[in-house]
Amino acid sequence: MTSTIETRLKDLGISIPESAAPAAAYLPFSQSSNLLFTSGQLPLKDGKLVSTGLVGRDLTIEQAQEAAKYCAINVLSQAKAALGGDLSRIKRIVKITVFVASVVDFTDQHIVANGGSQLFIDVLGDAGKHARSAVGMAGLPLNAPVEIEAVIEVA
């Protein structure tokens with residue numbers, strides 16, 4: 001499956017970055033039995049946020065979906081680090097929680113979340129299908145528009 005995942009990533013033009021070190025007193029991931037929990041991942045590319053601000057004021061839904069995609073890539077980065085570089089150990093994405101920094105009357109958090117959800121499905125196929133929560137927030141760390149955390153079943 002590693003070659004399949006690597007092929008899909010290559011076909012999508014995605015390279016998984018080195019996992020980011022935690023910025024405070026927490027672990028970037030934690031494993032209990034066959035479940036891997038990632039800490040919330042921001043939309044970082046090359047160490048910088050791809051966008052900032054509130055969805056519905058500073059960003060369009062499409063821009064926020066792109067940010068969610070980068071959050072999902074960073075979830076995979078943490079999973080890769082946790083699994084010794086072997087993404088084929090992912091049995092499935094069990095659940096993700098998507099936090100969307102948005103204006104008070106914005107109600108399309110679930111549509112923003114599709115950017116991350118679709119990335120997992122595009123890369124992992126059926127193993128990328130998951131349960132999900134999408135939650136509106138007044139703000140997120142570093143003024144990020146989106147943050148995603150995941151629960152992943154691993155072999």
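Trainee: Why is Ser-77 called buried?

Mentor: Good place to start. Buried means under 20% relative accessible area, exposed means over 50%, and partly exposed lies in between, with a 1.4 Å probe and protein chains only. Ser-77 has 3% relative accessibility, so Ser-77 counts as buried. Bear in mind that this is a predicted model, where local features need pLDDT of at least 70, side-chain atom pairs count only at pLDDT 80 or more, and totals for chains, interfaces and linings use all residues. Residues are numbered from 1 along each chain as its sequence is written, and side-chain values use heavy atoms, with hydrogens and water left out.

Trainee: Where is Ser-77 placed, and which residues is Ser-77 in contact with, leaving aside its neighbours within four places in sequence?

Mentor: Ser-77 sits in helix 2, residues 61–82. Helices (H or I, at least four residues) and strands (E, at least two) are DSSP runs, numbered from the N terminus. Contact means heavy atoms within 4.5 Å. With neighbours within four places set aside, Ser-77 is in contact with Ile-16, Pro-17, Glu-18 and Ser-19.

Trainee: And what about Gly-125, is it buried or exposed?

Mentor: Gly-125 has a relative accessible area of 13%, so it is buried. Gly-125 lies in the loop between helix 3 (109–124) and strand 6 (131–137). Beyond its neighbours within four places in sequence, Gly-125 is in contact with Arg-8 and Phe-120. The C-alpha atoms of Gly-125 and Arg-92 are separated by 9.3 Å, and these residues are 33 apart along the chain.

Trainee: Why is strand 7 described as largely enclosed by the rest of the structure?

Mentor: Count its residues: seven of the nine in strand 7 (residues 146–154) are buried, so the strand is largely enclosed by the rest of the structure.

Trainee: Which strands does strand 7 pair with, and how many bridges join them?

Mentor: Two strands pair if DSSP finds at least two bridges between them. Strand 2 (residues 35–38) is joined to strand 7 by three bridges, running antiparallel, and there Leu-36 has Ile-152 as its bridge partner. Strand 5 (residues 90–101) pairs with strand 7 over nine bridges, also in the antiparallel sense. In that pairing, Val-98 has Ile-148 as its bridge partner.

Trainee: What makes Ser-33 worth a look?

Mentor: Most residues other than glycine have a negative phi. Ser-33, however, has a positive phi, near 55 degrees. Ser-33 is found in the loop between strand 1 (29–32) and strand 2. With 64% relative accessibility, Ser-33 counts as exposed.

Trainee: Why is Asn-143 called partly exposed?

Mentor: Asn-143 has 43% relative accessibility, so it counts as partly exposed. Asn-143 is in the loop between strand 6 and strand 7. Asn-143 also has a positive phi, about 65 degrees, although it is not a glycine.

Trainee: Stepping back, how many helices and strands are there, and how do you know how compact the protein is?

Mentor: There are three helices and seven strands, in the order α-β-β-β-β-α-β-α-β-β along the sequence. The radius of gyration is taken over C-alpha atoms, and the globule rule is 2.2 Å times the number of residues to the power 0.38. The radius of gyration here is 15 Å, close to the 15 Å that the rule gives for 155 residues, so the protein is as compact as a globular protein of that length. Of the 155 residues, 43% count as buried.
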